[in-house]
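Q: I'd like to learn how to read a structure like this one, feature by feature. Could you walk me through it?

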Amino acid sequence: MATALGEFEQLIMLAVLGLKTDAYGVQIRRAIEDQTGRNVSAGAIYTALGRLESRGFVTSRLGESAPERSGQRRKYYDVEPEGAAALYRAYTNIQSMAKGLVPQLAGLAARARQPDTKIDA
Amino acid sequence: MPEQHPPRLARWLLRSFLPSHIREFVTGDLDEEFRRYVTLQLSRRQARHWYWSQTVRSLANGTAGPRRKTLPSFQKDHAGKTIMTTLMQDIRYAFRAFVRTPGQMGLILITLGLGIGATTAIFSAVNEVMLRPLSFADPDRLVMLWESNDERGWQQEHAAPANVLDWRERVTAFQDVAFVSEFTSGAALTGLADPVQVIASQVSGNTFSVLGASPMLGRTFTFEETWAPSEPTVVLSHDAWQRYFGGDADIIGKTIHLDAVGFQVIGVMGPSFRYGINDAELWVPFLWTEQRRAHVWFRQAHVVRPIARLRTGVSHEQAAAELASIAGQLQQEYPNTNEFMEAGLTPLHRFLTGDRRLTLLLLLGAVGVLQLIACGNVANLLMTRAVSRRQEIAVRSALGAGRSRITRQVLTESFVIAVLGAFIGMAIGFTGLQWINALRPPELPSLSFRLDWRLLSFTVAVTGISAIVFGALPALRSARLNVADQLTDGSRIGSRRNSLLAANGLVSLEIGLAVLLVVGAGLMVRSLRALRTVDSGVDITNVLTFEITPPAGTYRTDTERAEFVAQFLEQLQTVPGVVQTGGVRRLPYQGFAWTSDFTIDNWATDQFGVEVRHREATPGYFTTMGVPLLSGALFKKQLSEDEAVPVVVNRAFADRYFPNESPVGRRIVFDRSADEQSNWHPIVGVVGNERLSVTADPMPEVIAHLIGDPPRTVRIAIKTSVPPLGVMPEVRSTLHTLNADIPIVSIRTMEEVASEALASDRFLMTLLSVFAVVALGLAAIGVYGVAAQAARARTREIGIRLALGATGPAIIGTLVTRGMLFAGGGVLLGLAGAALGGRVVQGVLFGIEPSDPTTLLAVAVILITVAAASSYIPAWRATKVDPVKVLKAN
């Protein structure tokens with residue numbers, strides 16, 4: 001439990017990693033939306049990031065305030081080594097489990113009536 | 001590019017309900033993205049929609065904060081946690097709960113909003129008309145005086161000026177008595193770019209001082225100015241001052257021209273002055289001459305509404321008694337005019353709201369009923385919700401939540417519901433009032449949605465009571481729960497059965513209340529139909545009507561005025577598309593002008609008739625309006641010098657006073673007794689009855705040639721062979737060539753005139769029908785909800801029955817019958833209520849009894865059908881369960 005990551009948490013951490021120094025709410029939300037088509041609420045992102053931060057997986061720093069944000073500050077996130085380790089573990093686990101199964105999986109998935117696009121709660 | 005703001009309310013919600021540690025970043029993110037959407041791709045509407053959906057979802061799942069070991073309300077309050085924190089936590093929790101069950105919450109909020117909205121809108125109207133005080137000083141001491149006369153069938157009628165002046169001098173209980181003309185008249189205000197018709201009202205000079213109203217600029221009249229002074233004076237309303245004179249600060253002392261007569265402006269009333277007696281834009285004194293005052297007319301013509309201010313310390317009863325005794329004296333002194341003439345008084349405000357009182361009280365009652373139905377529904381929905389949440393609550397108390405903590409949580413939730421409902425209700429009420437304004441009949445003043453303290457406290461009271469009732473019920477039930485029972489599945493059925501009984505009872509009541517509203521609406525619909533089918537006696541197709549007021553300054557005598565009208569009508573005949581033209585004092589549906597006694601040349605000296613109605617018309621009027629000539633002849637166009645003014649009588653007159661002979665050729669005089677010196681009028685013809693008012697049966701009427709007594713304002717009627725409004729430009733230019741200073745006002749087809757006469761009834765019918773439909777909808781939702789609950793509670797039983805071989809239809813039958821029993825009870829209850837309360841609506845009905853069996857039966861059938869349909873669906877769905885699954889679940 002202490003080191004396991006949920007799927008949504010993985011998506012967020014990957015987004016933070018990919019955004020390098022520009023990882024704040026809007027960018028993270030858009031990255032997830034662009035890549036997965038999932039429309040995520042801003043509140044949910046901060047809730048998840050709050051959880052990750054309390055587990056030491058990410059750290060945050062306050063940024064500058066901006067007029068287009070009605071003068072409110074940004075909060076940037078960085079992935080910590082512990083977080084990277086957990087994420088890497090989760091990713092490699094999936095990869096090794098999926099080894100050789102991808103074509104079969106794709107064929108089976110094509111027969112699904114509808115892709116499950118349910119947004120996280 | 002204009003600055004783009006995210007939706008304010010959404011932003012406020014975010015700022016208020018997001019946990020503080022993420023508030024700034026979430027709102028910042030949303031604002032930033034919102035602006036990007038606006039500038040980049042989305043329309044403002046889409047961007048707002050996006051922002052709202054983000055807000056709702058962020059509030060729902062962003063409020064949880066870092067993962068907690070337990071849900072917030074599982075914890076007991078520990079020291080150091082303030083009440084505010086707990087409250088905010090509860091509110092957030094409530095929002096999350098709402099988002100989890102959007103359908104149910106939507107239903108609750110819309111139901112509550114409809115109830116509150118309808119009540120608020122109607123209450124605004126009632127408030128405006130009946131509760132908001134007139135802007136008079138010490139209004140409790142103001143009374144309206146009136147005269148009644150048994151012989152003539154008068155109730156609280158206008159008074160004769162001479163009598164009023166005597167009361168003013170003799171009744172010591174009155175500090176002062178003023179008198180006003182209840183009806184306004186149009187006057188052409190000239191000297192501006194275009195002549196306009198302004199609404200003028202005649203008053204006695206002391207009117208403003210009696211009402212206790214002071215002007216904003218200048219002064220008001222003195223009592224002496226009531227009579228013809230050397231230069232007439234005028235007082236302007238604030239509106240007229242702004243509209244016609246651009247708020248000219250130097251207006252006082254200037255002369256304005258009304259109907260080509262110069263009036264000196266002596267005062268302007270303030271913007272808050274509400275006259276309340278009519279919608280006058282300006283006031284002029286009566287300007288009666290010495291001759292007029294000396295004439296018997298002054299005691300005969302019941303044309304003014306007297307308003308008295310009581311002396312301090314004098315009660316209404318004392319004043320009424322003294323007035324009655326003075327009226328008795330006048331009976332002795334002036335037997336010719338005052339025999340049977342009694343006098344009395346009514347508090348001014350009550351008198352002025354009298355006509356509208358019934359309509360508004362009816363509507364208020366109707367929305368009250370609607371609100372009750374809505375409350376019943378919401379209570380039911382919340383109880384269902386409470387039942388389905390028992391397990392959750394039980395888990396919470398098992399984990400250590402105290403009873404008071406749970407009660408507080410549930411109450412907070414109800415409070416949040418009530419507040420949201422109030423917001424939605426205000427919005428619906430606001431929209432509803434716009435709509436009522438568009439529909440309102442002329443006797444209601446323009447209504448504005450005013451958030452005054454009465455309305456606010458009313459809404460807060462309704463909402464507060466709703467919150468307590470809906471909140472307390474489920475909360476108290478929940479807090480009394482036995483945790484162990486709830487956690488083991490066993491006791492479910494028993495408690496459900498109890499709550500089902502309560503729910504069914506509520507729904508029965510709802511149906512009963514809905515019956516009341518549907519009966520009311522049904523009666524109004526049928527009453528209006530009856531009103532529509534009354535024969536008007538005229539042919540209203542292709543008739544154009546409008547009013548002109550030949551200015552008194554230009555056409556100084558009756559003859560000049562009558563000649564001008566005749567000349568205008570003559571020239572109109574040449575306009576293409578015009579078939580026939582006529583002029584009259586009042587159109588059908590607009591009432592009669594005055595009434596009088598009369599006697600006929602071959603009647604005995606002490607024989608006379610009373611209360612014959614009078615109008616004046618030009619010769620062409622009858623053919624224009626399609627009024628048939630039954631015998632004799634219509635008027636000649638020209639009368640020779642000294643020729644007596646001829647009259648025609650209507651059929652009702654001929655039937656009542658000349659049952660066995662023809663009145664044609666007889667002479668009539670409008671007095672009780674007559675001699676050869678009296679003003680005799682030859683009766684030249686008998687015409688068909690016209691409908692002078694919406695409801696009354698045809699009454700005896702005498703119509704005189706317009707030349708005898710041409711009214712100041714003449715209604716022109718034009719029969720056309722083309723669509724009536726099409727001839728208007730030609731009509732206008734014809735009038736313009738004769739006199740460019742006469743405005744044409746109230747341009748309407750005769751069909752519109754007839755339709756406007758029913759406006760008040762249509763208004764009541766439309767509103768009641770809307771309420772009835774909403775009530776039906778709410779009752780249907782109520783029935784559906786309870787039926788679904790009942791079906792759910794019996795899923796197991798139904799499964800077993802199906803397994804044992806029962807058929808679907810049989811089970812549906814059982815379930816629907818059970819629902820029908822309660823619905824039928826409700827319908828009976830409602831019909832009983834309608835029978836008892838029917839007398840209340842009697843006053844607004846025409847040609848139909850409140851206990852009309854057809855209506856009652858139809859309503860019963862409608863409600864039973866609605867109830868059956870709403871309970872059928874859940875019953876049908878219940879039979880679709882898979883018996884195997886149900887049995888396995890046990």
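A: Happy to. Keep in mind that this is a predicted model. Let's begin with a bend in a helix: α26(B) has a kink of about 45°, centred on B:Leu836.

Q: Let's turn to chain A. How many helices and strands does chain A have, and in what order do the elements run?

A: Chain A has five helices and two strands. Starting at the N terminus, the order is α-α-α-β-β-α-α. Of the 121 residues in chain A, 30% are buried. Among the contacts in chain A with a separation of 6 or more, 47% are between residues 24 or more positions apart.

Q: Which angle do the axes of α2(A) and α3(A) make, and how is such an angle classed?

A: Angles of 65 to 115 degrees count as roughly perpendicular. The axes of α2(A) and α3(A) come within 10 Å and cross at roughly 105°, so the two helices are roughly perpendicular to each other. On the α2(A) side the contact is made by A:Gly25, A:Ile28 and A:Arg29, and on the α3(A) side by A:Ala42, A:Ile45 and A:Tyr46. By type, the residues of this contact are four nonpolar, one polar and one charged.

Q: Where does A:Val79 sit, and is A:Val79 buried or exposed?

A: A residue counts as buried if 20 or more other C-beta atoms lie within 10 Å of its own. A:Val79 belongs to strand β2 of chain A and is buried, because 21 other C-beta atoms lie within 10 Å. Leaving aside residues up to four places away in sequence, A:Val79 touches A:Met13, A:Val16, A:Leu17, A:Val58 and A:Ala84. A:Met13 shows how the chain returns to this place: 66 residues separate A:Met13 and A:Val79 along the chain, and their C-alpha atoms are 6.9 Å apart.

Q: What about backbone angles: what is the phi of A:Ser70, and what is the phi of B:Asp259?

A: For this feature, look for a positive phi in a residue other than glycine. A:Ser70 is not a glycine, yet has a positive phi of about 50°. A:Ser70 lies in the loop between β1 (58-66) and β2 of chain A, and counts as partly exposed because it has 17 C-beta neighbours inside 10 Å. In chain B, B:Asp259 has a positive phi near 50°. B:Asp259 is in the loop between β8 (255-258) and β9 (261-269) of chain B, and is buried because 24 other C-beta atoms lie within 10 Å.

Q: Finally, how many residues does each chain bring to the contact between them?

A: Chain A brings 19 residues and chain B brings 23 residues. On the side of chain A that touches chain B, α2 (25-36), α3 (42-54) and β2 (72-79) each supply at least two residues. The largest share comes from α3(A), with eight residues. By type, that side of chain A has five nonpolar, eight polar and six charged residues.

Technical notes: Residues are numbered from 1 along each chain as its sequence is written. Chains are lettered from A and ligands numbered from 1 in the order in which they are written. This is a predicted model: local features need pLDDT of at least 70, side-chain atom pairs count only at pLDDT 80 or more; totals for chains, interfaces and linings use all residues. Two residues are in contact if their C-beta atoms, placed from the backbone, lie within 7 Å. Helices (H or I, at least four residues) and strands (E, at least two) are DSSP runs, numbered from the N terminus. Ala, Val, Leu, Ile, Met, Phe, Trp, Tyr, Cys and Pro count as nonpolar, Asp, Glu, Lys and Arg as charged, and the others, Gly among them, as polar. A residue is buried if 20 or more other C-beta atoms lie within 10 Å of its own, exposed if 12 or fewer, and partly exposed in between; C-beta atoms are placed from the backbone. Axes are lines fitted to C-alpha atoms, for helices over the stretch in contact, and angles run from 0 to 180 degrees between N-to-C directions. Angles under 35 degrees count as roughly parallel, over 145 as roughly antiparallel, 65 to 115 as roughly perpendicular and the rest as oblique. The bend at a residue is the angle between axes fitted to the seven residues ending there and the seven starting there.
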